[in-house]
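I am opening my notebook on a new structure. I will look up a few things and write down what I find.

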Amino acid sequence: MKFPEFISKVAERTALPRDEADAITRATLRTLGERITGGEARDLAAQLPHELQDGLASAPEEAEQFDLDEFIRRVAERAQVAPGDARSGVSAVFQTVEEAVSFGEFDDVMAQLPDEFGALAKPIILP
């Protein structure tokens, strides 16, 4: 998946402007790079558009241990958006990452995260 398509999908899923979708995407990937091991972050980066690799490629080797609320807080702060927009943005980024990389790679990333993160990768279906 190419960078413009990735950002367009995040923007569409969040109903946010492209510049905010871009900021949330970069903040989410940088925060994800802190939460998973450096090797896994680099493996993920290798399957994403070049423009989105920086935050993952420079991830520390040791994964930090923090929960979903802290993950959302960090994304909101980095992207300078409200926590609600950050939560929906993280969900949109996770869904888009799942589409953009191989199943095995996405599964490897999710295996390093607590179960509470799994719900973010699933689209919300309204009745």
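**Entry 1: a salt bridge between helices**

Is Arg 87 buried, partly exposed or exposed? I looked it up: Arg 87 has a relative accessible area of 36%, so it is partly exposed. I note here that the model is a predicted one.

Next I checked the partner of Arg 87. Its side chain meets that of Asp 69 in a salt bridge, at 3.6 Å from N to O. Asp 69 has 52% relative accessibility, so I put it down as exposed. The cut-off I need for that is over 50%.

I then asked how many salt bridges the structure holds. The count is eleven. One of them joins the side chains of Lys 9 and Glu 99, with 3.3 Å from N to O. This pair also links distant parts of the chain. Lys 9 is in helix H1 and Glu 99 is in helix H6, 90 residues apart. I looked up both accessibilities. Lys 9 is partly exposed at 25%. Glu 99 is partly exposed at 41%.

**Entry 2: a pair inside one helix**

Which residue does Arg 73 pair with? I found a salt bridge to Glu 77, and the closest N and O atoms are 2.9 Å apart. Both residues are in helix H5, four residues apart, so about one helical turn separates them. Arg 73 is partly exposed, at 42% relative accessibility. Glu 77 reaches 55% and counts as exposed.

The pair is part of something wider. Salt bridges with shared partners join Glu 34, Glu 64, Glu 70, Arg 73, Arg 74, Glu 77 and Arg 78 into one network.

I reminded myself of a general point. Side chains of opposite charge can pair when their charged atoms come close.

Then I turned to Glu 40, which lies in helix H3, residues 38-45. Glu 40 is buried, yet it has no salt bridge. How far away is the nearest side chain of opposite charge? It is that of Arg 42, at 9.9 Å.

**Entry 3: the nonpolar core**

How many residues are in the largest nonpolar core? I read 42. Leu 48, Phe 94 and Val 97 have the most contacts inside it. Helices H1, H2, H3, H5, H6 and H7 each supply at least two residues of this core. H6 gives the most, with seven.

Not counting residues up to four places away in sequence, it touches Phe 6, Leu 29, Gln 53, Leu 56, Val 97, Ala 100 and Val 101.

**Entry 4: how two helices cross**

At what angle do H2 and H6 pack? The angle is about 75 degrees, and the axes are 9 Å apart. H2 and H6 are therefore roughly perpendicular to each other. On the H2 side, the contact is made by Ile 24, Thr 25, Thr 28, Leu 29 and Leu 32. On the H6 side I noted Asp 85, Gly 89, Val 90, Val 93, Phe 94 and Val 97.

Definitions and conventions
Residues are numbered from 1 along each chain as its sequence is written. This is a predicted model: local features need pLDDT of at least 70, side-chain atom pairs count only at pLDDT 80 or more; totals for chains, interfaces and linings use all residues. Side-chain values use heavy atoms; hydrogens and water are left out. Buried means under 20% relative accessible area, exposed over 50%, partly exposed in between (1.4 Å probe, protein chains only). Lys and Arg count as positive and Asp and Glu as negative; His and the chain ends are not counted. A salt bridge is a side-chain nitrogen of Lys or Arg within 4 Å of a carboxyl oxygen of Asp or Glu. A nonpolar core is a set of buried Ala, Val, Leu, Ile, Met, Phe, Trp, Tyr and Cys residues joined through side-chain atoms within 4.5 Å. Contact means heavy atoms within 4.5 Å. Axes are lines fitted to C-alpha atoms, for helices over the stretch in contact, and angles run from 0 to 180 degrees between N-to-C directions. Angles under 35 degrees count as roughly parallel, over 145 as roughly antiparallel, 65 to 115 as roughly perpendicular and the rest as oblique.
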